[in-house]
Amino acid sequence: MNSKERVLRAINHQRPDRVPVDFWWSHEMRDKLLRHLNLKDTDQLQDFLGSDIRCIYPIYVGPKLKKFDDGSYEDFWGVIRKPYKHGGGEYDEVVFAPLANATSLGDIEKIRWPEPDWFDYGALEEACDRYKDYAVMVGRMGIESQTIFIQTWFLRGLDQVLFDLAERTEFVEAMVNKIMGFRVEHVKRILSVVKGKAEILQIADDYGMQEGLFMNPDVWRRIFAPPFKTLCGLIHEAGLKVFLHCCGSSRKIIPDLIGLGIDILNPIQVRAAGMDPKALKEEFGDRLCFHGAIDTQRTLPLGTKEEIISEVRERIEVMGKDGGYILAPVHTVESDVPIENILALYEAAKEYGRGG
């Protein structure tokens with residue numbers, strides 16, 4: 001059984017030969033692992049760890065994006081980000097949000113919105129062919145994914161968007177309409193190329209915090225569920241599975257997400273409220289495939305090798321029962337995680353994965 005077959009069996013709630021695995025990393029962690037293992041590139045690293053999924057995305061070929069002397073840079077939405085170092089590495093933080101000071105609906109029309117023509121979709125076919133034995137997912141964490149709610153943060157600022165949701169939802173709805181004006185055509189063009197060649201398309205939209213949702217579930221259902229359903233419909237029509245990355249506690253809307261068309265839920269942030277793996281598997285395991293669930297808040301950065309092995313075994317036994325699970329860290333593995341802990345995770349997955 002190759003990686004593609006393994007992942008599809010898990011998604012379809014059939015028992016694979018072993019629990020499939022995936023790996024998301026920060027660039028600092030990737031580089032540390034490459035040096036430590038004397039490997040030349042990320043493909044070799046993923047093969048070494050046994051990762052069954054490969055992520056691809058169309059190449060940006062649009063208008064030249066600005067770069068500044070202080071290291072900040074413009075993305076294709078017109079958002080400006082700057083790398084900031086922290087204890088475990090480096091994050092690109094938003095330093096300019098184009099709609100931060102917008103006061104009227106007319107201001108939303110004035111900024112530069114991206115165009116689908118700014119991407120080379122043809123390159124996706126070669127990428128799919130290169131990874132034909134793997135499960136291919138279109139989308140990577142960050143800007144290279146189909147964000148809706150998150151994109152409003154980047155354009156407006158999170159605090160302001162949350163204020164708008166409470167006081168002037170028409171402002172958020174107008175932003176969502178413009179975002180979807182790009183997303184729908186962008187996704188259609190992606191799907192026209194990868195149909196029959198890729199297995200999964202990723203949507204990333206963090207609705208949850210550690211203790212609950214960012215907003216009242218009814219507000220989410222009114223503003224964000226309809227565009228989410230639109231994207232899921234397009235993806236399913238092309239025969240691909242829908243992968244949703246949604247950090248934090250999403251428990252209150254998981255039944256909605258299933259009804260809208262989600263197939264795979266990531267990251268299963270196990271220390272967030274309501275995200276207990278056993279409870280989620282018991283309630284939703286016949287309708288959802290889970291991706292993630294290896295704790296990056298404590299176990300991976302601070303745990304012993306024995307604790308990591310124990311957690312991997314437990315996740316495989318609980319979440320991997322009768323398929324429906326892809327083992328992976330909860331979130332991007334940062335450079336403060338000891339290399340031996342990462343290796344212990346994937347060694348344990350190989351040793352115990354056939355028991356899932």
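Me: Against which elements do the buried residues of helix 2 pack?

Reply: Helices (H or I, at least four residues) and strands (E, at least two) are DSSP runs, numbered from the N terminus. Contact means heavy atoms within 4.5 Å, and buried means under 20% relative accessible area, with exposed over 50% and partly exposed in between (1.4 Å probe, protein chains only). Here, the buried residues of helix 2 pack against helix 3 (42-49), strand 5 (89-96) and helix 15 (339-352). The model is predicted: local features need pLDDT of at least 70, side-chain atom pairs count only at pLDDT 80 or more, and totals for chains, interfaces and linings use all residues. Residues are numbered from 1 along each chain as its sequence is written, and side-chain values use heavy atoms, leaving out hydrogens and water.

Me: Which residues of helix 2 are buried?

Reply: In helix 2 (residues 27-37), these are Glu 28, Met 29, Leu 33, Leu 34 and Leu 37. Just after this helix, Asn 38 takes a positive phi of about 55°.

Me: Which members of the largest nonpolar core touch the most other members?

Reply: A nonpolar core is a set of buried Ala, Val, Leu, Ile, Met, Phe, Trp, Tyr and Cys residues joined through side-chain atoms within 4.5 Å. Of the 108 residues in the largest one, they are Tyr 207, Phe 224 and Leu 327. Helix 8 (residues 169-194) supplies the largest share, 14 residues.

Me: How many disulfides does a search of the whole structure find?

Reply: A disulfide is a covalent bond between the sulfur atoms of two cysteines. The criterion is a pair of cysteine sulfur atoms within 2.5 Å, and the search finds 0. For Cys 128, the nearest cysteine sulfur, that of Cys 55, is 12 Å away.
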